[in-house]
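Have a look at the sequence and the fold, then read on.

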Amino acid sequence: MILGVLGSDKLVTPTNAVLTEVFTGVRPSRVVILAEEQPRTDVTGLGEVLSVFGLNPEVSVKVLGTGIKAWRDGLRDVELDLADVTPGRKYMAYAVLAYSRARDVRYVYLKEESKGYHMFGYVPFDEVTVYDMRTGEEVPFDPPKTRGDLPKKSTLTPEGLTSLVNLYSLLGKVEVSTEPDPGVKEDIYEEGERLCKTRAGFLRFREEEEIRKLAETSYFMADTNVYINLGSRISRLVWANRSFRLLPSRSVYRELSGKTGSTQKDEFPVKFHLGMQAFRELHPKLPEIDRRFGDIALLHEVKALKSDFPENIVLITGDKGLVNAARSQGVKSVHLSKLIESKEGDWGEYISCMRFFANVKVTVDGREVAVVRRTTDLEQYTEVEAVDLNHNYPKVVDKLEVFLGRKKEN
């Protein structure tokens, strides 16, 4: 079976196309990437990802040039059994459909096209439809088994954990449950669970919608408790007009640095590490550390910025006292105070957070398929142990994240 996919300047899109076809039951002996020019990244590593399924395909690139005529002429010499035209430009897809000798041509439809740049599996599969372009029929998913000799343990990013949960959903009903660890006090476990649900979005602040609306005309600065409670999820609230509108605070960075670098015992220390993790992810260019930190220093920063920005500067905080102080000094603020439940959330963020408070189990139709054991090590990635070795999807995602450059190999 020779599988062809369209090339793209984003490595993730042809990779997703290949994996989508593998998860519909295709077992290619060759993978040909049809491209306008030679890709800047090495695509041959895709074979390492596919080896997890017991496949050993030759992966190559066929450069056809630019324009419909170049593709029409070039496709005459390309042997294909199946082509996936999801990535690339529209004319490339048209050329393959019209001029290639591929018996089957397929297209992967996403309900939300903007999610297409996430790694394979991140988009829930009830939002994905594979179409046969020759017949117009839908192509069902047929999740493959993995090799039985793969290592049980893998390390995944939060995005990878979300992909993992969605991949398991192709096997049946997925449930994620937690088992409190004897080494964690009950009140700490309960506070941790609330924190993790909030960072994942299963609990949301009623005032989040106010932030979204203000983002059209404002910039923001956030208090320490915002990075702790919302984590990187705040980025979805403060994007507007094609710009990221959350400014880093020197005083908040100083406080997080002090808390995470301190050797003093704290009843709930991991929250500051989670806050620092979010701060670094959201602000890759870290600010200089201010000698001052705390509410007064943060207020001074916001007031100083008001004279430099033509748009509003809004303070986001969960501290009622800081809200009152800000308003008394003419600083607009959003007080995150009321939590409400949500049916939607990010399982990857939840699992990545809950590993510090409990053992986390993933089951399919009541059958345990993977486990994350509680840890006190503040590692960047989450260790997942596969229980169902016939569907060792943690290792699939692990290999995929390395190939896409999401993380380094263990």
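A residue is called buried here when its relative accessible area is under 20%, exposed when that value is over 50%, and partly exposed in between, using a 1.4 Å probe and protein chains only. This is a predicted model, so local features need pLDDT of at least 70 and side-chain atom pairs count only at pLDDT 80 or more, while totals for chains, interfaces and linings use all residues. Residues are numbered from 1 along each chain as its sequence is written, and side-chain values use heavy atoms, with hydrogens and water left out.

**A buried arginine**

Let's begin with arginine 106, which is buried at a relative accessible area of 13%. Arginine 106 belongs to strand 5 (residues 104-110); strands (E, at least two residues) and helices (H or I, at least four) are DSSP runs, numbered from the N terminus. What does the side chain of arginine 106 make a polar contact with? One partner is the side chain of glutamate 21, at 2.7 Å. Threonine 24 is another, its side chain joined to that of arginine 106 by a polar contact of 3.1 Å. A polar contact is a pair of N or O atoms within 3.5 Å; within protein, one must be able to donate a hydrogen and the other to accept it, and residues adjacent in sequence count only if both atoms are side-chain atoms.

**Rings in pairs**

Now for the aromatic side chains. Rings of Phe, Tyr and Trp (its six-membered ring) pair if their centres lie within 6.5 Å; planes under 30 degrees apart count as stacked, over 60 as edge-to-face and the rest as tilted. By this rule there are 14 aromatic pairs. Phenylalanine 23 and tyrosine 393 make a tilted one, with 5.6 Å from centre to centre and 55° between the planes. This pair links distant parts of the chain, 370 residues apart: phenylalanine 23 sits in the loop between helix 1 (12-22) and strand 2 (30-35), and tyrosine 393 in helix 14 (residues 393-403). Phenylalanine 23 is buried at 0% relative accessible area, and tyrosine 393 is buried at 0% as well.

Another pair is stacked, because the ring centres of tyrosine 253 and phenylalanine 279 are 5.4 Å apart and their planes are at 10°. Here tyrosine 253 comes from helix 9 (residues 250-261) and phenylalanine 279 from helix 10 (residues 270-282), 26 residues apart. Tyrosine 253 is buried at 8%, and phenylalanine 279 at 0%.

There is also an aromatic cluster, made up of Phe23, Phe53, Phe120, Phe125, Phe141, Tyr168 and Tyr393.

Charges turn up over rings too, which requires NZ of Lys or CZ of Arg within 6 Å of the ring centre and within 35 degrees of the ring normal. The charged end of lysine 10 sits over tyrosine 117, 5.4 Å from the ring centre, and that of arginine 245 sits over tyrosine 219, at 4.3 Å.

**Salt bridges**

How many salt bridges does the structure hold? The count is 20, where a salt bridge is a side-chain nitrogen of Lys or Arg within 4 Å of a carboxyl oxygen of Asp or Glu. Here are some of them.

| Partners | N to O distance |
|---|---|
| Arginine 147 and aspartate 149 | 2.9 Å |
| Glutamate 209 and arginine 212 | 3.4 Å |
| Arginine 236 and aspartate 346 | 3.5 Å |

Arginine 147 is partly exposed at 29%, whereas aspartate 149 is exposed at 57%. Glutamate 209 and arginine 212 both lie in helix 7 (residues 208-214), three residues apart, about one turn of the helix. Arginine 236 is in the loop between helix 8 (224-229) and strand 12 (239-240), and aspartate 346 in the loop between strand 17 (339-341) and helix 13, so their bridge ties together parts 110 residues apart in sequence. Arginine 236 is partly exposed at 45%, but aspartate 346 is buried at 8%.

**Helix 13**

Why is helix 13 (residues 347-354) described as largely enclosed by the rest of the structure? Because seven of its eight residues are buried. Those seven are Gly348, Glu349, Tyr350, Ile351, Ser352, Cys353 and Met354.
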